[in-house]
Amino acid sequence: MEFTGDSDEYAILNPICSRIQQGAIKSLYKYISTPGFISLGGGLPNDSVFPFERMTVELTDGSTLFLEKQDFQKAKNGESQNNRTSALSLNYGLGKGHPNVYNWMKEHVQSVHSPPCTSWDVCHTVGGTDSIFKCLFILNIGTTLLTEEYTYPVTMDICKILGISTVGVRCDEFGIVPDALRQTCVDLANKNSPAKALYTIPTGQNPTGTSMSMERKSEVYDIAREFHLTIIEDDAYYYIQFPSSDCSDKLMEDFNEDEMPGLSLAASFLSLDVDGRVVRMDTTTKFICPGLRLGWVTGPDSFIKKYSLLNDNTCLMSSGFSQSIFSALMSHWGVEGFNNHLKRLQLYYVQQRAAALKAATEHLSELATWSIPQGGMFLWIKISGFEDTESMLEDLIEAKILMVPGKHFSSTGNSTSYLRATYATAAPEKLDEAFRRLAAVLISKGGKSAEKQKPSSNILMPS
Ligand SMILES: Cc1ncc(COP(=O)(O)O)c(C=O)c1O
């Protein structure tokens, strides 16, 4: 059955997927690398005319990656740990990704998530945003997509392009509230427009900073089974997780790398997926750099097949330079080096979070409340006594501070009393100054006292 995912009970793919087919010429490509064939058939330029011969990439730790120009066939076997020379792939590649990159992604997903569903696969992407668009295009969403109550604005913009409306589900400090999700599903079904998919950002949620607990994930997964929902897991901040023990009162200097989770990360929706109803998006943006424009999607075979064909018909592939550098980097690091890199990354963010929390406590305690992020890079601040933070934007700009009014993340587009502040880049003293200026703006606008927070937690989530 063309449109059925791994589960026999529901169709995961949009019927328009029947139009995504392999191009006639592409089907001949397999012969290019068949021994004995003289290929006059492909449209691939000859590597000898490319102006690049080799590339060296210097890493911040002082080590160097050596990449040699190699054709597609050689590149397949060209990864050599001993002389540390990797393939610099300059020619056209496959929609699923360069074999070295594809293999790394597949093995990584297996080792981190161990998807229980039997027939799953991965495909490289041109980053998270590209994959959100393609996933929403390929999947059977219908006209309504369930999201967290506050969500990533680009996803809402993509929904507008595709004619999909978003319906937000209430969340608390553990993520999506199961009863609210069930009720929303019932309400939509009663209106004859049942939801078919849920888009969620489970780790360091953008904008609320919340990380969904394991218990919540399984409750949400059970509801997805009950209502035949596909779960679209956008885990852009997955690798920025903080130690699970409550260490939000610690100061920057109190943390060390050994305490960081590294690759010992929280279980994902994908790792719960016995049915083949989860499509997961990962991106290298937040754990390497956005300029790489490289990520991967994981999902049922039938979905990945269409995703790869859609790559063939749109971007063809992500940059060969990016794929080559990524592959060389991962081969150079190995699992241990990658784990160490993540620990350094997590330490940086947990220290930044500590600096942001200290500054917020010092300047905003009387004026606002905020959630304590368990991952990611965002502090979600509720301004007491203000219904619409959009109305203070001009004052913030005049005070030379930028924070994003919560309205821009709202699935309803309604005004809110929230501001999103990121602690990703500003130095601790700048974070302190920013919150001092915010306090001054709030006081000048007649800011009201925040309700006293419980000593054990100052988490306050949207109601
Ligand atoms: C939730 C979420 N998904 C996806 C992305 C985009 O990732 P990429 O840079 O890989 O396109 C972002 C970027 O901020 C994000 O917050």
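Student: How far apart do the C-alpha centres of domain 1 and domain 2 lie?

Tutor: Domain bounds come from an automatic or database domain assignment. Here the C-alpha centres of domain 1 and domain 2 are 29 Å apart. This is a predicted model, where local features need pLDDT of at least 70, side-chain atom pairs count only at pLDDT 80 or more, and totals for chains, interfaces and linings use all residues. Residues are numbered from 1 along each chain as its sequence is written.

Student: How many residues does each domain bring to the contact?

Tutor: Two residues are in contact if their C-beta atoms, placed from the backbone, lie within 7 Å. Domain 1 brings 12 residues and domain 2 brings 14.

Student: Which element gives the most on the domain 1 side?

Tutor: Helices are DSSP runs (H or I, at least four residues), numbered from the N terminus. On the side of domain 1 that touches domain 2, α8 gives the most, with nine residues.

Student: What is the shape of α8, and where does α8 bend?

Tutor: A helix has an expected span of 1.5 Å times one less than its number of residues. With 45 residues, α8 would reach 66 Å if straight, but its end C-alpha atoms are only 47 Å apart. A bend is the angle between axes fitted to the seven residues ending at a residue and the seven starting there. α8 bends by about 100° at Gly334.

Student: Where does pLDDT stay under 50?

Tutor: pLDDT is the predictor's confidence in each residue, from 0 to 100. One such stretch is residues 77–82, and another is residues 452–463. Where pLDDT is low, the predicted coordinates should not be read in detail. The chain's mean pLDDT is 90.

Key: Helix = DSSP H or I, 4+ residues; strand = E, 2+ residues; numbered from the N terminus.
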